[in-house]
Amino acid sequence: MEELLADLEEWTSEEPQYTSVQQSPSYLSVASAEELSHAVFTDTYRNKKCIKLCGLINKWEACSRWQHPFTTLAADIANEAEPFMVLQANDNLHFFKHELCTVSEDRNHAVALSKVADFAEELPEHNVRYYLRLPLVPQLKQHISLPGFIEMLTGVREQDCSATASKLFKSSCCTVWISPPGCITPLHYDFCHGFLAQVTGKKLVTLFPPSDFMFLYPADASQTKNKTSSRVDIQKWLSGDAMQRKQFPKVEEATCYQTTLCPGEVLYIPPYYWHSVETLEPSVSVLLPTDPTADDPVSTSSL
């Protein structure tokens with residue numbers, strides 16, 4: 001156990017060697033702010049636009065505690081019975097449910113973390129990428145704070161927001177994601193409001209509004225179980241891949257946004273907003289989804 005933890009700590013201190021395959025020649029930047037009031041979030045961003053929040057989680061204990069995440073995080077969950085979900089991509093690059101990767105469980109958390117830590121792209125014996133997912137179990141949840149999210153979403157500042165938090169952020173849906181450089185979640189959309197909180201490392205996020213639905217070649221539901229995904233390899237398309245550009249020319253008409261998500265930052269992604277996420281550095285992220293309400297509109301673009 002001690003040897004595994006030592007290896008993990010050594011890995012997090014190394015400079016990342018991965019270079020993004022995506023270098024978009026033309027994109028718009030995602031708006032950013034420190035924090036948002038309930039009124040501004042509701043009127044300007046909820047269901048409408050992405051926004052990067054730079055001051056919402058910078059006081060999370062997790063952001064300092066997990067600076068060397070694979071030692072402290074491993075210690076935090078040493079006695080946790082919940083297994084890691086271990087994803088391995090069929091092409092060693094694209095991670096998405098169903099056809100694109102195989103999924104297994106590992107209750108030995110230190111061993112699972114070592115699979116991520118051992119990644120080294122330049123070494124054939126260590127160049128297999130694994131993506132780990134763990135529910136936001138109490139041992140990890142104690143190191144994050146949600147009052148700022150609650151106030152932004154509801155307009156109410158609560159001393160004890162645990163009851164409201166449980167209603168807005170279902171524990172079964174909130175997850176911790178751990179990945180080495182080069183992991184890509186392909187272009188897709190979700191039905192929920194998503195808050196992607198970056199604890200350590202960096203991720204590059206590419207986004208398109210729901211109005212671009214028909215420019216992004218939605219997957220044929222009769223040919224894939226990933227019904228909310230795109231047929232476009234957006235990383236290749238944006239980097240100028242001739243075959244992708246010939247096969248999917250309408251992407252040129254779409255409005256592309258990109259942002260690099262750094263430690264201590266949160267990205268709000270509205271429902272139906274297309275997005276692809278690429279890990280640039282050894283990374284720990286917390287995904288906090290919340291369901292739409294009865295008052296939220298349904299995107300007609302995807303119908």
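This passage describes the fold of the protein chain and the surroundings of selected residues in a predicted model. Residues are numbered from 1 along each chain as its sequence is written, and side-chain values use heavy atoms, with hydrogens and water left out. Local features need pLDDT of at least 70, side-chain atom pairs count only at pLDDT 80 or more, and totals for chains, interfaces and linings use all residues.

The protein chain holds 10 helices and 14 strands. These elements are DSSP runs numbered from the N terminus (helices: H or I, at least four residues; strands: E, at least two). The radius of gyration is 19 Å, close to the 19 Å given by the globule rule for 303 residues, so the chain is as compact as a globular protein of that length. That radius is taken over C-alpha atoms, and the rule is 2.2 Å times the number of residues to the power 0.38. Along the principal axes, the C-alpha atoms fill a box of roughly 55 × 50 × 35 Å.

Of the 303 residues, 52% count as buried. Buried means under 20% relative accessible area, exposed over 50%, and partly exposed in between (1.4 Å probe, protein chains only). The accessible surface comes to about 14,400 Å², and carbon and sulfur atoms contribute 50% of it. Areas were computed by the Shrake-Rupley method with a 1.4 Å probe; for residues, only the protein chains shown count as cover.

The chain carries 24 positive and 38 negative charges, whose mean positions are 8 Å apart. Lys and Arg count as positive, Asp and Glu as negative; His and the chain ends are not counted. Each charge is placed at NZ of Lys, CZ of Arg, CG of Asp or CD of Glu.

Strand 9 (residues 193-200) contains F195. H193 belongs to strand 9 as well. F195 has 0% relative accessibility and therefore counts as buried. Beyond four places in sequence, F195 touches residues including F41, F149, M152, F169, V266 and V286. The C-alpha atoms of F195 and L53 lie 9.8 Å apart, although 142 residues separate them along the chain.

H193 is also buried, at 1% relative accessible area. Its side chain makes polar contacts with the side chains of Y268 (2.8 Å) and D296 (2.9 Å). A polar contact is a pair of N or O atoms within 3.5 Å; within protein, one must be able to donate a hydrogen and the other to accept it, and residues adjacent in sequence count only if both atoms are side-chain atoms. Other residues touched by H193 include R46, N47, P271 and D291.

S179 sits in strand 7 (residues 175-179). S179 is buried, at 0% relative accessibility. A polar contact of 2.9 Å joins its side chain to that of T279. Leaving aside neighbours within four places, contacts of S179 include V116, Y130, Y131, K203 and E281.

The buried residues are P69, F70, T71, L73, A74 and D76. T164 is found in helix 8 (residues 162-168). T164 is buried, with 18% relative accessible area. Beyond four places in sequence, T164 touches I150, T154 and E158.

Conventions
Contact = heavy atoms within 4.5 Å.
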